[in-house]
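Here is a short report on one structure. Keep the sequence and the 3D view open while reading.

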Amino acid sequence: MAITAVGLSALSAPVAQAALPGSPGLLAGSKIINGGEVTTATENPDGSRLVLHLNSGGGSDQGGGTAWSPDGKSVAYVNGAPAVDTYLPNGTSEQFITEGGVDPTFTPDGSTIVEGMVGSDYTTYQLASTTATAHPLGPNPQPPAPWFATPTGGSDRYPSVSSTTGAVLFEHDANGASDIWTDHGNHTAGLLIVNGHQPDVSPAGSQVAFYRAVNGCDQLFVQASDGSGTATQVTRGNTNHTHPKWTPDGLGLDYNANPGTNYLDIVGHHLVLASSTDTVIPGGLFSVTQQPTGKTPVGIASTFHSAGPQRVLDTRYGMGQVSKGAVPAGGTVALAVDGTNSLPAGGITAVVLNVTVTSPASSGHLSVYPEGTAVPSTSNLNWTANQTISNLVTVPVGADGEVDLTNQSGGSTQVIADVQGYYTGDASGSTFTGVSPARILDTRSAVGISTTTPIDNSTVTLAVRGKGGVAVGATAVALNLTAVGTVGAGYLEAYSDGSSVPTVSNINWTGSGATLAGLAIVPLGADGSVDIKVHGQAHVLADVFGYYGGSNTGQDFVGVAPNRLLDTRHAVGVSTSTPLAAGHTIALQVTGGNTGVPSGVKAVILNVTVTDTTGSGHLTAWADGSAQPSSSNLNWTGSSQTLPNQVIVPVGSNGKVDLYVNSTTDVIADVFGYYGG
């Protein structure tokens, strides 16, 4: 078959297929660590969010040959056994697939892994297939099924499946020659392209990339996947170019460059075919393949499901992560949501987390956002050095089922997350009904309780159903909890009455005299009550802002890309860069324009932050045009503080909400979603 060696610019631009929305997907590949060990890893294309996949002892997984599932939610790889395993994009939840497998690839529907299986001679391989789900370990694990009824008479590796015809192309080695063969889509083996290695079929199924030697160096080629026409050379130079992998948009190739044969010299590259732009892949990754991604599920009407509360992330102990350790300055924690911790494996549009930072080395803030999107300019938690602080976060889940938490500070910090619920884009959950803010618990004045003494290492059972406008059929409630007059360090947790204490936290404090607020979405017990357990001593307030279920007029939730609507420091949402003065109110437009929120919504979810406080005070949010309630959303006890809280606030008919402070402070508000509309 003829070979056409041409300049890079001669390759015409391919037609984009399955173009990626927003930011490109993650990269999965191999990385050299500890001076020579190889482990697999995932990272963003810019090198950020690098996650090393390590073994239980913290060492290399001795892995390579990574492959993404078609939905981008799973990475298959080959460990040093060899064996094929899978794990989630954040490196957790490893599952055994097959013993003796190499070069895994998924079928287009994601149900099956095709791989090379080592023969009894431990030198040759035959193609085989197995289901892409976890297989039981033991003395007799499920064996893979041979791909061909009769062996091909050679060694077969590097399978790649066409998304259009279902044909499997692979490298066939026999009698000292390496060619590309095909199974013709019907498990019948035959020659396709003479002299070719490591074939990879394009996302559209129309082309195949491979390498062959030219003048003593391996070069990349592209040819029609049916073997017709001539092969077009797309790399040149005195370097070996191997391991070509198409990008999901079909416009480029990731590949390895190596001047010789020493694996320590491998450098991962990315080549844009139309422009011949060639760049080094950051982070030291090689043998790279890029994650196929779908659209982040924002703008989808969704209903709420209670879950937990349950701890799903704790970097102090490695929970939810590959290994334990504080998140470094500028570092990102990737948290798997779909299919983990008893949550459904698909269909989740957003997740509700109570996020805590503890032991931060310097002041800063945390941004929580769907994986696969750029780090937003918004914040969810703000802290000073050595502070422990919590906040509720409602965040869309990335297309791969994960969310990212980025430490926007100059020092490291530990991060904890407790799941309180999630949303799905169907009617299987509960809708939200907002109510006028009502105080249903105040231990200082015997509201909701018979005494006026602080809660001291004990539990308050609070009746909620039928109180403060909550319907008798409600299944969960949105409560703004406030700890007042704390004594020493401590925390409180809210949970369904009648269930066991979950060992999570909603509000944390580190000393005496603190006043701290936090929104919580709490499932109701069978009797319509919730339990609030105080670890330490504090008075507790609870203001109800709405409920889930129990209403025919409730509203669906719609998540939006995090967006800053107000920042009095920088004249965002207001005309001047001055703090909001004591006793004054801002009428904030939360609908229309570039807010991402349409007109006619019933309520919005805002993350409201006060910063550079000038003394003790509180902030209250309510619908513009209605009376100011007596409740509060944020409380602070001194000057120079920075405190956040998530707020569910009704929206006035003019699309505005009011924010009042009784003490001069700067105010920031970021929108994360809305109800109704």
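Strand β28 covers residues 348-358, and strand β33 covers residues 414-424. The two pair in the antiparallel sense over 10 bridges. Within this pairing, Val-351 stands opposite Tyr-422 in β33. The model shown here is predicted.

Both strands belong to an open sheet of 8 strands. Its order is β31-β28-β33-β26-β41-β48-β43-β46, with antiparallel pairing. Which strands stand at the edges? They are β31 (389-396) and β46 (642-650). Each has a single partner strand, so one side of each is left without a neighbour in the sheet. Neighbouring strands of this sheet are turned by 25° against each other on average, direction ignored.

## The four-stranded sheet

An open sheet of 4 strands runs in the order β9-β10-β11-β12. Its pairing is antiparallel. The edge strands are β9 (101-106) and β12 (145-146). Each of these pairs on one side only.

Strand β10 spans residues 112-118, and strand β11 spans residues 125-131. They are joined in the antiparallel sense over 7 bridges. Glu-115 has its bridge partner in β11: Ala-128.

## Aromatic pairs and a cluster

How many aromatic pairs does the model hold? The count comes to 10, with ring centres within 6.5 Å taken as the rule.

Phe-432 lies in strand β34 (residues 432-442), and Tyr-548 lies in strand β40 (residues 529-548). The pair therefore ties together parts that are 116 residues apart in sequence.

Are these two residues buried or exposed? Phe-432 has a relative accessibility of 3%, so it counts as buried. Tyr-548 is buried too, with a relative accessible area of 0%. The cut-off for buried is under 20%.

Phe-432 and Tyr-548 are also members of one aromatic cluster.

## Arginines over rings

Where does Arg-157 lie? It lies over the face of Tyr-125, at 4.9 Å from the ring centre. Arg-212 lies over the face of Phe-221. Here the distance from the ring centre is 5.0 Å.

Technical notes: Residues numbered from 1 in each chain as written. Predicted model: local features only at pLDDT ≥ 70, side-chain atom pairs only at ≥ 80, totals over all residues. Heavy atoms only, no water. Pairing = 2+ DSSP bridges. Axes fitted to C-alpha atoms, helices over the stretch in contact; angles between N-to-C directions. Phe/Tyr/Trp six-rings, centres within 6.5 Å; stacked < 30°, edge-to-face > 60°. Buried < 20%, exposed > 50% of the residue type's maximum accessible area, 1.4 Å probe, protein only. Lys NZ or Arg CZ within 6 Å of the ring centre and 35° of its normal.
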